[in-house]
Amino acid sequence: MKPSSAAEILEFDYVVVGAGSAGCVLANRLSANGKHSVLLLEAGPKDTNLWIHVPLGYGRLFKEKTVNWMYQTEPEPELDGRRVFQPRGKVLGGSSSINGLLYVRGQHEDYDRWRQRGNNGWGYDDVLPYFKKAEDHCRGGDEFHGTGGPLPVSDLGHPDALSAAFIAAAAETGLPKNCDFNGASQEGTGFFQTTTRHGRRASAAVAYLRSARGRTNLRIETQALAQRIVFEGRRAQAVEYRQAGALKRARARRKILISGGAFNSPQLLQLSGVGPAELLRRHGIEVVLDVPGVGHDLQDHMQVRIIMRCSRPITLNDIVNNPVRKILTGMQYAALRTGPLTIAAGTSGAFFKTNPRLSTPDIQVHFLPFSTDKMGERLHSFSGFTASVCQLRPESRGSLRIRSADPTAAPEIRINYLSTETDRAANVEGLKILRKILSAPALTPYVVEEVDPGAKVVSDAELLSFCRARGSTIYHPTSTCRMGNDPLAVVDQRLSVRGIEGLRVVDASVMPDLVSGNTNAAVIMIAEKASDMILQDAR
Ligand SMILES: Cc1cc2nc3c(=O)[nH]c(=O)nc-3n(C[C@H](O)[C@H](O)[C@H](O)COP(=O)(O)OP(=O)(O)OC[C@H]3O[C@@H](n4cnc5c(N)ncnc54)[C@H](O)[C@@H]3O)c2cc1C
């Protein structure tokens with residue numbers, strides 16, 4: 001493909017596209033030894049929005065278009081034809097700057113499954129050292145945790161009575177108490193851990209870029225949208241990007257690393273001529289390599305939320321709806337960095353099986369001491385709390401396809417939530433088990449009634465209708481540039497794009513399938529491991 005005439009041509013050893021969870025790790029690790037020059041391109045701005053750094057600020061960032069791509073899915077056939085809102089970070093730190101801060105790696109078996117699918121080097125024993133390398137765990141190091149790494153992992157700053165009552169209630173239904181979902185076993189109930197330090201968000205930008213940005217061999221460009229990869233034959237040679245209206249080009253002496261996330265990485269590949277040939281031709285894009293798997297296999301975690309009316313004015317709703325308590329909460333945070341403003345996207349939670357035949361949990365519950373109709377919108381005027389069901393290993397598969405050759409046009413996103421019987425049954429059973437927890441004795445003093453779906457929704461068919469009407473995302477899209485050896489795999493075990501030279505993808509899109517937890521920790525692990533592989537190749 002011929003490069004278009006670009007005004008400025010820069011040259012670096014590595015060009016990284018996207019300063020999100022993965023891109024920040026790569027930029028830090030690849031520039032650390034001082035031997036290589038690295039350019040990090042980010043479409044969004046610097047992370048100066050104050051709400052990024054306050055944990056509960058994520059509520060304000062769901063619909064903040066200055067730092068968020070704010071995608072929508074196509075009408076979802078099994079969700080009553082509704083479009084599902086898909087926020088994604090567009091700022092230094094990427095989605096780790098707007099996410100819910102929960103640190104949950106998934107199950108050991110997830111990674112062993114990746115290895116079983118032919119991805120040597122990605123079993124649990126292989127990836128654990130990279131989780132530990134990244135980590136600075138507040139409880140100190142042990143078999144499962146590391147200290148001294150860039151990413152702080154902290155215990156909850158605000159363990160409130162309601163969240164503790166949820167744990168007690170879940171234990172009353174027979175779940176074991178678990179003080180570390182990232183330890184020996186995930187099953188059970190307990191408090192979540194978060195990527196925070198001293199009550200402030202530790203995004204990948206805070207954790208990995210702050211210490212590296214003074215390096216002379218690292219250049220960070222914001223408001224720089226990569227529009228396409230330029231190839232010479234099948235060798236990726238440069239990245240063309242637009243910044244402040246000007247078209248620029250950065251050549252990579254060694255490698256181009258795409259870290260645009262599960263939606264934007266396959267979009268950029270397709271725009272650059274690497275993807276399903278029929279799609280590219282339809283949009284007038286010259287085909288560099290026909291790779292049908294680019295954008296294939298999109299997966300996401302769906303969540304279905306139960307909303308409860310609380311009998312006591314102890315929820316965040318009560319604080320937000322009371323000007324005096326709101327001011328006091330703000331003052332507490334400003335002075336001490338404690339209190340409700342340190343709440344993440346779940347305080348306590350649970351992992352359980354909907355079917356005793358399963359060997360590991362298939363449902364994660366996020367408990368929150370507040371309630372709202374839609375995440376990111378006003379909290380209810382009544383005292384309320386929320387507990388949601390999230391099926392951990394959905395079978396449903398979707399796709400991501402460009403809509404046009406215009407790099408600024410949002411891609412077509414189809415998740416196809418609930419498109420298999422297993423997924424429908426897991427959600428319905430999950431809701432039934434969650435209801436048992438919510439009606440257990442430890443929570444009884446706090447409960448007036450279930451508001452949504454409410455007492456009228458009882459049968460399996462009614463619960464499924466509720467899932468269709470209310471189900472939404474928990475923001476974990478993955479696997480659109482999947483790692484593997486089969487014809488639809490896009491990258492190999494070393495994350496190199498198959499059939500192309502000089503190009504790797506490093507982000508959530510390479511996961512062979514979804515991990516059974518929140519995806520940020522796994523993405524950071526992937527980028528830590530990728531950095532090691534890239535530096536090995538450079539020797
Ligand atoms: C609202 C929300 C809540 C979440 N909650 C949690 C949670 O509590 N715990 C958890 O573990 N996970 C959570 N996640 C998921 C987690 O944050 C993501 O899985 C993870 O951050 C993805 O990392 P990534 O590197 O793949 O992509 P991202 O972090 O999204 O980074 C991609 C970056 O690339 C940039 N980019 C894209 N295209 C281009 C281009 N063409 N040119 C230049 N730059 C480009 C983007 O602007 C972005 O900065 C949440 C996500 C969201 C959105």
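A cavity, in this text, is a set of points on a 1 Å grid over the protein atoms alone where a 1.4 Å probe fits but cannot get out; a pocket is an open set with protein on both sides within 12 Å along at least five of seven lines, and lining residues have an atom within 4 Å of a point. Grid points are joined across faces, edges and corners, and a volume is the space filled by probe spheres set on the points. The model is predicted, so local features need pLDDT of at least 70 and side-chain atom pairs count only at pLDDT 80 or more, while totals for chains, interfaces and linings use all residues. Residues are numbered from 1 along each chain as its sequence is written, and side-chain values use heavy atoms, with hydrogens and water left out.

The search of the whole structure finds three cavities of 30 Å³ or more. The second largest cavity has a volume of about 90 Å³. Its lining includes Leu 298, Gln 299, Asp 300 and Met 302, together with residues such as Gln 391, Tyr 417 and Asn 427. By class, the lining of this cavity divides into six nonpolar, four polar and two charged residues. Here Ala, Val, Leu, Ile, Met, Phe, Trp, Tyr, Cys and Pro count as nonpolar, Asp, Glu, Lys and Arg as charged, and the others, Gly among them, as polar.

The largest pocket holds about 680 Å³ of space. It is lined by 25 residues, and Trp 51, Leu 56, Arg 60, Val 320 and Leu 341 are the closest to its centre. At least two lining residues come from each of α3 (58–61), α10 (316–320) and α11 (323–336), and α11 gives the most, with four. Helices (H or I, at least four residues) and strands (E, at least two) are DSSP runs, numbered from the N terminus. The lining of the largest pocket comprises 14 nonpolar, seven polar and four charged residues.

The second largest pocket has a volume of about 470 Å³. Of its 21 lining residues, Arg 82, Asp 373, Lys 374, Met 375 and Ser 472 are the closest to the centre. Two or more residues of this lining come from each of β18 (302–310), α13 (460–470) and β25 (472–473). In the second largest pocket the classes are eight nonpolar, five polar and eight charged.

Among the strands, β2 (residues 38–41) sends Val 38 and Leu 40 one way and Leu 39 and Leu 41 the other way, and all are buried. Buried means under 20% relative accessible area, exposed over 50%, and partly exposed in between (1.4 Å probe, protein chains only). β2 pairs with β11 (residues 218–221) in the parallel sense over four bridges; two strands pair if DSSP finds at least two bridges between them. One of these contacts sets Leu 40 against its bridge partner Ile 220 in β11.

An open sheet of three strands has the order β5-β6-β8, with mixed pairing. β5 (135–137) and β8 (193–194) stand at its edges with a single partner strand each, so one side of each is left without a neighbour in the sheet. β6 (residues 151–155) and β8 run antiparallel and are joined by two bridges, and Asp 155 has Gln 193 of β8 as its bridge partner.

Helix α14 (residues 519–538) has 20 residues and reaches 29 Å from its first C-alpha to its last, close to the 28 Å expected at 1.5 Å a residue. The expected span is 1.5 Å times one less than the number of residues. Of the 20 residues in α14, 17 are buried. Met 533 belongs to this helix and is buried, at 6% relative accessibility.

The structure holds zero disulfides, a disulfide being a pair of cysteine sulfur atoms within 2.5 Å. For Cys 390, the closest cysteine sulfur is that of Cys 467, 12 Å away and so too far for a bond. Cys 390 is also buried, at 0% relative accessibility.

Some backbone details remain. Most residues other than glycine have a negative phi, and most peptide bonds are trans. A cis peptide bond joins Asp 452 and Pro 453, with omega about 10°; Pro 453 is in the loop between β24 (447–452) and α13. Arg 337 is not a glycine but has a positive phi of about 60°. Arg 337 lies in the loop between α11 and β19 (348–352) and is partly exposed, at 32% relative accessible area. Leu 495 likewise has a positive phi, about 70°, but is buried at 0% relative accessibility.
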